[in-house]
Amino acid sequence: MATKVMEVVKKLDIERYMGRWYEIASFPSRFQPKDGENTRATYTLNTDGTVHVLNETWSNGKRGYIEGTAYKADPNSDEAKLKVKFYVPPFLPIIPVTGDYWVLHIDKEYQYALIGQPSRNYLWILCRQTCLDDEIYNQLVEKAKEEGYDVSKLHKTPQSDSPPESEDGPKDTKGIWWIKSILGK
């Protein structure tokens, strides 16, 4: 099924891509809690051209987060194929983990995006708002299917109309969410 060469966005305007993106749906991952909500990513351009990544999610009322760095997989390519490096576990960051982050689709206004990677084991639908029009959502799902993804694995992420600010609420300072997610809980 997944033999087609994946098409990615060309000439991504990285500056326009910066800012906050809300996770509308994703494939479940051992790197995120199963009961996570208000999941989002905030991207900030660094002076060296890399991107600071802040991924946040709320589980059982507590904020869990991990920070990393994204950079172009091939600096000479115009394709939106990025690498993202995190250090884990988040409470004692010592082990580097690098993954692919490919922008498969983005609208002209940079308001919603489809993100994947070559193994097709991970998929995200992101939006600048906490909700996405059903018609657009379905178009992105169809695009993912065309790229060889098993879209039956997509899970919609609960989002509040008024999402918490980064520092609101108690924090998961021990990284319990991360440990549980590795154990499949």
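Predicted model: local features only at pLDDT ≥ 70, side-chain atom pairs only at ≥ 80, totals over all residues.
Local features need pLDDT of at least 70 and side-chain atom pairs count only at pLDDT 80 or more, while totals for chains, interfaces and linings use all residues. Residues are numbered from 1 along each chain as its sequence is written, and side-chain values use heavy atoms, with hydrogens and water left out.

Me: Is Ser26 buried, partly exposed or exposed?
Reply: Ser26 lies in strand S1, residues 19-26 (strands are DSSP runs of E, at least two residues, numbered from the N terminus). Buried means under 20% relative accessible area, exposed over 50%, and partly exposed in between, with a 1.4 Å probe and protein chains only. Because its relative accessibility is 5%, Ser26 counts as buried.

Me: Which residues does Ser26 touch, not counting residues up to four places away in sequence?
Reply: Contact means heavy atoms within 4.5 Å. On that basis, the residues touched by Ser26 are Gln32, Leu123, Trp124, Lys153, Leu154, His155 and Thr157.

Me: In S6, which residue is the bridge partner of Phe86?
Reply: Phe86 belongs to the covered face of strand S5 (residues 81-88), together with Leu82, Val84 and Val88. S5 and S6 pair in the antiparallel sense over eight bridges, where pairing requires that DSSP finds at least two bridges between the strands. The partner of Phe86 in S6 is Val97.

Me: How does Ile95 count in terms of accessibility: buried, partly exposed or exposed?
Reply: Ile95 is found in strand S6, residues 95-106. Since its relative accessibility is 45%, Ile95 counts as partly exposed.

Definitions and conventions: Helix = DSSP H or I, 4+ residues; strand = E, 2+ residues; numbered from the N terminus.
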